[in-house]
Amino acid sequence: MNPLLNIAIRAIRKGGDLIAQHYDRISYNQDNNIDIESNYKSIKIICKKIFNVMYNIIHNVYPNHTIF
């Protein structure tokens, strides 16, 4: 298989692992309703972690590539 594709698959799997780890983390407020603001902040943090993990995997192997 193409080496670039192997690295991309590795990065995607690591990102998917992070999603799976945080899948069941839903915040509730005092009235037992879903706390949308708290969950939004958590999702933003998780997205940043996923991006950083995937970026580092790709950047370590292909440091001259641009990642959007």
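User: In this predicted model, which helix holds I12, and is I12 buried or exposed?
Analyst: The model is a predicted one. I12 is found in helix α1. Its relative accessible area is 53%, and the cut-off for exposed is over 50%. I12 of helix α1 is therefore exposed.

User: What distance separates the C-alpha atoms of I12 and S42?
Analyst: I12 and S42 are 30 residues apart along the chain.

User: Where does Q21 lie, and is Q21 buried or exposed?
Analyst: Helix α1 covers residues 3–21, and Q21 lies in this helix. The relative accessibility of Q21 is 52%. With the cut-off for exposed set at over 50%, Q21 in α1 counts as exposed.

User: How far apart are the C-alpha atoms of Q21 and I57?
Analyst: Along the chain, Q21 and I57 are 36 residues apart. I57 is one of the α2 residues that meet α1. The C-alpha atoms of Q21 and I57 are separated by 19 Å.

User: How are α1 and α2 oriented to each other?
Analyst: Two packed helices are described by the angle between their axes and the distance between the axes. For α1 and helix α2 (residues 36–61), the axes are 9 Å apart and the angle is about 160°. Angles over 145 degrees count as roughly antiparallel. The arrangement of α1 and α2 is therefore roughly antiparallel.

User: What is the handedness of the crossing of α1 and α2?
Analyst: The two helices pack with their axes 9 Å apart. The crossing of α1 and α2 is right-handed.

User: Which residues meet where α1 and α2 are in contact, and how do they divide into nonpolar, polar and charged?
Analyst: From α1 come I7, R10, A11, I12, K14, G15, L18 and I19, and they meet K49, I50, V53, M54, I57, I58 and V61 of α2. The residues of this contact divide into 11 nonpolar, 1 polar and 3 charged.

User: Where does H22 lie, and is H22 buried or exposed?
Analyst: H22 lies in the loop between α1 and α2. Its relative accessible area is 13%, and the cut-off for buried is under 20%. H22 of this loop is therefore buried.

User: Which residues is H22 in contact with, leaving aside its neighbours within four places in sequence?
Analyst: Neighbours within four places in sequence are left aside here. K49 also belongs to the α2 residues that meet α1. The contacts of H22 are I46 and K49.

User: How many aromatic pairs are found in the whole structure, and is the pair stacked or edge-to-face?
Analyst: A search of the whole structure finds 1 aromatic pair. The ring centres of F51 and Y55 are 5.8 Å apart, with the planes at 25°. Planes under 30 degrees apart count as stacked, so the pair of F51 and Y55 is stacked.

User: What separates F51 and Y55 along helix α2?
Analyst: F51 is partly exposed at 40% relative accessible area, and Y55 is partly exposed at 29%. The two are 4 residues apart in helix α2, so their separation is about one helical turn.

User: Where does H65 lie, and how far is its C-alpha atom from that of F51?
Analyst: H65 lies in the segment after α2. At 40% relative accessibility, H65 counts as partly exposed. H65 and F51 are 14 residues apart along the chain, and their C-alpha atoms are separated by 15 Å.

Technical notes:
Residues are numbered from 1 along each chain as its sequence is written. This is a predicted model: local features need pLDDT of at least 70, side-chain atom pairs count only at pLDDT 80 or more; totals for chains, interfaces and linings use all residues. Side-chain values use heavy atoms; hydrogens and water are left out. Buried means under 20% relative accessible area, exposed over 50%, partly exposed in between (1.4 Å probe, protein chains only). Axes are lines fitted to C-alpha atoms, for helices over the stretch in contact, and angles run from 0 to 180 degrees between N-to-C directions. Angles under 35 degrees count as roughly parallel, over 145 as roughly antiparallel, 65 to 115 as roughly perpendicular and the rest as oblique. A crossing is left-handed if the near helix is turned anticlockwise from the far one by less than a right angle, and right-handed if clockwise. Contact means heavy atoms within 4.5 Å. Ala, Val, Leu, Ile, Met, Phe, Trp, Tyr, Cys and Pro count as nonpolar, Asp, Glu, Lys and Arg as charged, and the others, Gly among them, as polar. Rings of Phe, Tyr and Trp (its six-membered ring) pair if their centres lie within 6.5 Å; planes under 30 degrees apart count as stacked, over 60 as edge-to-face and the rest as tilted.
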